[in-house]
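Have the viewer open as you read.

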Amino acid sequence: MTAAEPTDGSAGRSGAGVAPDADGAPESGRTAGYRHLLKAVVYRDLLVWVRYPVDAAFGLVMGVFFFGLMFYGGQMVAGQAITDSIEGLIVGYFLWTLSLGAYAGIMNDVQSEASWGTLERHYMTPFGFGPVVLAKSVAIVFRTFCTSAVVLAVMLLMTGRTLDLPVLTVIVVGLLAIAGALGLGLAMGGLGVLYKRISNVANFLQFGFIGLISAPSFDIWWTKFLPLAQGSAMLQRAMTEGVRLWEFEPTAIAILVGTAVLYLGLGYLAFARATKRARRLGVLGDY
Amino acid sequence: MAGESLQADVSDGSRGVDGSDAATAVDALPADPDEAALYVDGLAKTFGSGDEAVEAVQDVSFAVEPGEVVGLLGPNGAGKTTTIKSVLGLVLPDEGDVRVHGIDIYERPRAAYEHVDAMLEGARNDYWRLTVRENLRYFAAIRGQDPDTLTDRHDELLEQFDLADFADTAVRDLSRGMKQKVSLASVLGGNVSVAFLDEPTLGLDVESSLKLRRELRRLVDERGLTLVVSSHDMEVIEDVCDRVIIMNDGRVIVDDTVESLLAGFETAGYRFTVRGADDAVLDDLRERFDLTGVESLDGRTRFEVAADSATFYRLTDTMERHGLDVDGVETVQPDLAEAFVEMTGGSVGEANPKAASGGGEDR
């Protein structure tokens with residue numbers, strides 16, 4: 001019985017005396033599939049998040065605080081100019097919090113698991129480490145969308161503006177946009193497992209997201225192929241002009257999907273290579 | 001003492017799995033690797049390269065039968081952790097074959113992990129912000145078990161480990177010993193057939209340790225669980241294990257049943273209490289025999305001597321010639337800790353800085 005073939009049979013009891021399967025091994029009696037895995041990982045992620053209430057609240061407050069600083073500070077410095085471009089600023093900030101949440105979320109999660117001594121237990125699952133890490137990514141993206149939605153709502157209240165919120169379009173474009181950030185977070189998480197302390201590089205990179213989100217993809221064609229850039233441009237159009245997913249040019253969607261798959265894939269590949277090297281060096285569970 | 005003769009056997013060819021053959025060891029590998037719950041053959045791992053290379057594990061081979069409990073012993077830096085992590089696929093060895101119920105753990109890790117789990121970090125093996133039950137449910141789920149179908153099993157484990165009253169308590173609010181038990185329960189709660197336990201009684205008080213040892217043995221006997229237990233607590237090894245593998249300098253130096261291992265030491269020494277032994281007599285005895293622990297008590301003298309049966313009779317003849325009155329003779333029965341120290345030539349927790357410097361060994 002392989003991991004690719006989870007059974008829905010009874011739990012049974014492992015150990016001697018249990019009928020062997022095709023391998024001659026006792027039947028494991030697997031009763032959970034990928035759905036159970038995803039549910040468990042998402043639930044665990046939310047539980048851990050709420051059980052660090054100060055950290056969770058501080059994250060939300062700081063998210064709003066920095067926007068307030070930009071908005072009110074910008075009004076004092078640039079006056080009407082900042083007010084005229086506030087919708088773009090809100091969308092850009094929303095995407096920045098999303099991408100930062102995904103990037104830092106998965107990177108910190110991997111490093112926290114190593115320090116808690118639970119990373120190795122996630123390696124030893126019949127689902128495989130890859131699916132578990134992807135499930136963690138889904139959990140983190142889900143949580144990030146929830147927290148960023150709160151920040152978005154507060155930003156709209158603070159500025160008194162309204163935006164188009166075509167939910168399907170925002171979710172799909174937002175997800176594909178932050179896939180690159182998630183890939184980068186996976187790569188950095190892998191490096192963290194390998195080298196343990198990478199906070200200086202990791203912190204520096206998150207500021208690079210601002211440049212990527214504000215990349216002039218309409219003017220300089222190749223910037224579309226950078227992480228976040230195409231998604232940022234499309235999210236701006238969706239939320240400020242009300243453009244729906246199916247109203248985008250097929251080329252734009254293809255670039256969005258292509259860059260998402262590319263950067264997420266590269267990030268996962270880097271993570272897989274880093275963890276393999278960590279296993280070779282015997283430092284997978286070290287912290 | 002007998003330890004010397006055993007150590008001599010080991011060093012000049014005690015059988016291990018390293019190809020030598022000693023009277024103290026049992027066959028380590030079965031003819032058919034698929035018969036074993038765990039089969040390890042020719043495991044080798046070197047950390048670093050060139051002058052800084054550290055051979056953490058060299059040619060380690062052993063097999064564990066289904067339902068068997070094997071203790072893995074060795075001083076710090078002996079290669080235990082590297083062996084365990086290599087067997088689990090958490091460290092990639094340079095050489096070696098590892099199978100869990102016949103499944104190659106490097107070729108088909110997912111299938112192998114359906115049967116095996118490990119408690120590697122002791123108390124740091126769970127989520128401290130989650131409750132005890134939440135931990136059990138989570139780790140069961142990522143092991144491919146629907147936690148809803150395991151509620152009874154989890155209740156049973158919580159009862160066995162005295163955690164029932166703390167099921168809804170966050171792990172961080174528990175004592176170290178209880179955290180240790182949560183880790184253990186979360187491993188056993190995943191329905192595995194082979195489990196590795198690294199220092200399962202670390203941090204437990206005497207009573208808790210005793211109870212845990214009983215529960216472990218009961219789980220093994222009732223459920224046919226196969227265990228590999230690494231511990232510095234010799235009581236765990238003596239109470240729970242059927243067999244002991246002793247490692248030193250990255251190699252298996254002894255692979256034998258607990259009974260055989262202790263039997264090798266049992267009649268190896270004697271403790272005499274005599275009257276009338278002055279310094280001259282004692283000096284003469286010291287010259288002829290391997291006397292240790294000499295002490296005087298109210299006109300009596302007590303000493304220990306390593307002796308086989310022939311030496312024993314020579315000694316009693318000599319004492320008779322000196323006119324000593326023998327008040328008592330006891331057989332010295334070293335425990336496993338003493339046997340271990342004799343065989344490894346060190347203390348139970350003695351560090352080996354060379355091996356310890358490689359790859360996070362026994363950090």
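Is B:H101 buried or exposed? At 5% relative accessibility, B:H101 counts as buried, where buried means under 20% relative accessible area, exposed over 50% and partly exposed in between, with a 1.4 Å probe and protein chains only.

Before going further, some housekeeping. This is a predicted model, so local features need pLDDT of at least 70 and side-chain atom pairs count only at pLDDT 80 or more, while totals for chains, interfaces and linings use all residues. Residues are numbered from 1 along each chain as its sequence is written, chains are lettered from A and ligands numbered from 1 in the order in which they are written, and side-chain values use heavy atoms, with hydrogens and water left out.

Back to B:H101. You'll find it in the loop between β4 (95-100) and β5 (103-104) of chain B; strands are DSSP runs of E with at least two residues, helices are runs of H or I with at least four, and both are numbered from the N terminus. The B:H101 side chain makes a polar contact with the side chain of B:S193 at 3.1 Å. That term covers a pair of N or O atoms within 3.5 Å; within protein, one must be able to donate a hydrogen and the other to accept it, and residues adjacent in sequence count only if both atoms are side-chain atoms.

Zooming out, chain B has 13 helices and 14 strands, and 59% of its 363 residues count as buried. Among chain B contacts (heavy atoms within 4.5 Å) with a separation of 6 or more, 70% come from residues 24 or more positions apart.

Now for the rings. A search of the whole structure turns up 20 aromatic pairs over all chains. Rings of Phe, Tyr and Trp (its six-membered ring) pair if their centres lie within 6.5 Å; planes under 30 degrees apart count as stacked, over 60 as edge-to-face and the rest as tilted. B:Y138 and B:F139 are edge-to-face, 5.3 Å centre to centre with 75 degrees between the planes. B:F272 and B:F303 are stacked instead, at 5.7 Å and 20 degrees. B:F272 lies in strand β11 and B:F303 in strand β13, so this pair ties together parts that are 31 residues apart in sequence. Both B:F272 and B:F303 are buried.

Finally, B:R129 lies over the face of A:Y52, 3.9 Å from the ring centre. A charge sits over a ring if NZ of Lys or CZ of Arg is within 6 Å of the ring centre and within 35 degrees of the ring normal.
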